[in-house]
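Here are my notes for your first look through this model.

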Amino acid sequence: MRFRYIPNTVEDQKEMLTEIGVESVEDLFADIPSAVRFKGNLNLPKAMSEHEITTYMSKLAAKNVSLNDCSSFLGAGVYQHFIPSVVNHVISRSEFYTAYTPYQPEISQGELQGIFEFQSLIAELTGMEAANSSMYDGATSLAEAATMAAGSTRRNKILVSLAVHPEARAVLKTYARGQNLEVVEVNIKDGKTDLEELKETIDAQTAAVIIQYPNFFGLIEDVLPIEEVTHQNKSLFIVSANPMALPILKAPGEFRADIVVGDNQPMGIPTSFGGPHVGFFATSSKLIRKMPGRIVGQTTDDQGNRGFVLTLQAREQHIRREKATSNICSNQALVALASAVYMNAMGKQGIQEVAKQNLQKAHYAYQVLTRIKGVEPLFEGNFFNEFAIKLPKPVSKINEELLKHNIIGGYDLSKDYPTLKNAMLIAVTEIKSKEEIDEFAARLEGLL
């Protein structure tokens, strides 16, 4: 067949036209005045056969820069990690691949159990008492946390550190505008949240303080003083965390975080041109009824068998819209399942080992790169798998040259922080070899 995607044949069209009592497709538009109707052909390419379009799209795809061909040191929110093959095998099963919201527990036990395990693993990682069944991504999770804090405290000011991901802060501002919330950004000092400015800015109208852990520059914030200031003011403490760092860092729940959010992309989700992602949202038990999204609970049936159901559904599809805690209408069940499979496949020791390799390899790269003449650390302090360096030349120019050698350089921080000129944010994960790091350093040194 030349055109396999034509929805109906000429005979089908004639039969439908006869059924509704008109002679031609043109008759369907008779009520639209002839003067305003477009006459002619649209400026579109000619139709192609299936073979022609496949060849054309393959040539277009070949123009993309692939991580299979290049060594990437770009992070800034999306990270390239090893993904066991079992992840794709499980999520490609038809019962998971096509599943949506599991409204009918009697036929959705597999999906419900997968979501329940995702929640349980997130709660354990974050040190929190409860987690939901996923959000769209880390940025919307953070924004939902802010609106939840405002509703819980009945205050309208949100303090967010400038060391929080710039895109997450942009999403927060969008959400806040619709909720009539005031977003105040707290400056950074030496790459971390300025504690003194936070103390001066927080007030009786502050619903929540938001930090990132590790922060956007890869640095590990001094969390305890920030937590003390926040809770002394009776505000909620929101932590946006990198889940890959949590196996070796102190869990946010241990330093009394009220809400922990983040993006679970590092755990089992490919980079995929920036999506899809899966956000996580965890909180204390006292706030569980105000948590957005879905929660899967474990129960027993009338015969005492273990089972899973959706519970505490405070969504607009289930209760009065004005009483809903959130108007999120979907979740990332398939992506959350992929993440749950990854965490189960790696196990506790495996995830800890991955985190340690991230830490060790990033610190090796830091040592090698900062020994290059003209390269300086942008900030001092403890970091996980990302760090920032200052260069004597514009980052954009350096990245252009590195790409010629099949190396994707780090993120240009001047895009979001105009005062940080010639500053590059570099990410190193467990899949980077010593040879790749050394080659990156050698090429960079040659360019400088």
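1. Let's begin with Ser339, which you will find in helix H10, spanning residues 333-370. Please bear in mind that this is a predicted model. Is Ser339 buried or exposed? Its relative accessibility is 0%, so Ser339 counts as buried. Which residues does Ser339 touch, once its neighbours within four places in sequence are left aside? They are Phe118, Asn264, Met267 and Ile269.

2. Now zoom out to the whole chain. It has twelve helices and 17 strands, and its C-alpha atoms fill a box of roughly 75 × 60 × 50 Å along the principal axes. Of the 448 residues, 47% count as buried. Take the contacts with a separation of 6 or more: 71% of them come from residues 24 or more positions apart.

3. You will see Ile389 in strand E14, residues 386-390. Ile389 counts as buried because its relative accessibility is 0%, and the cut-off for buried is under 20%. Leaving aside neighbours within four places in sequence, its contacts include Thr370, Pro377, Met424 and Leu444. For a sense of scale, Ile389 and Ser72 are 317 residues apart in sequence, and their C-alpha atoms are 16 Å apart in space.

4. Arg37 gives you another case to look at. Arg37 sits in the loop between helix H1 (10-20) and helix H2 (50-62). With a relative accessible area of 25%, Arg37 is partly exposed. Beyond its neighbours within four places in sequence, Arg37 is in contact with Glu26, Phe29 and Ile32. Its side chain reaches the backbone oxygen of Phe29 at 3.3 Å. Arg37 and Val186 are 149 residues apart in sequence, with 55 Å between their C-alpha atoms.

5. Next, the rings. The structure holds twelve aromatic pairs. One of them joins Phe216 and Tyr411: the ring centres are 6.2 Å apart and the planes meet at 85°, so this pair is edge-to-face. Phe216 is in the loop between strand E7 (206-213) and helix H9 (223-232), while Tyr411 is in strand E16 (residues 411-412), so the pair links parts of the chain 195 residues apart. Phe216 and Tyr411 are both buried. Ring pairs also tie Phe216, Phe217, Phe379, Tyr411 and Tyr417 into a cluster. Elsewhere, Lys432 lies over the face of Phe73, 5.7 Å from the ring centre.

6. One last item is worth a second look. Where does UniProt place the feature "coiled-coil region"? The record, an unreviewed entry, puts it at residues 181-208. In the model, that stretch is 25% helix and 43% strand, and its end C-alpha atoms are 11 Å apart.

Conventions
Residues are numbered from 1 along each chain as its sequence is written. This is a predicted model: local features need pLDDT of at least 70, side-chain atom pairs count only at pLDDT 80 or more; totals for chains, interfaces and linings use all residues. Side-chain values use heavy atoms; hydrogens and water are left out. Rings of Phe, Tyr and Trp (its six-membered ring) pair if their centres lie within 6.5 Å; planes under 30 degrees apart count as stacked, over 60 as edge-to-face and the rest as tilted. Helices (H or I, at least four residues) and strands (E, at least two) are DSSP runs, numbered from the N terminus. Buried means under 20% relative accessible area, exposed over 50%, partly exposed in between (1.4 Å probe, protein chains only). A charge sits over a ring if NZ of Lys or CZ of Arg is within 6 Å of the ring centre and within 35 degrees of the ring normal. UniProt positions are given in the numbering used here, feature names are shortened, and annotations may be inferred rather than shown by experiment. Contact means heavy atoms within 4.5 Å. A polar contact is a pair of N or O atoms within 3.5 Å; within protein, one must be able to donate a hydrogen and the other to accept it, and residues adjacent in sequence count only if both atoms are side-chain atoms.
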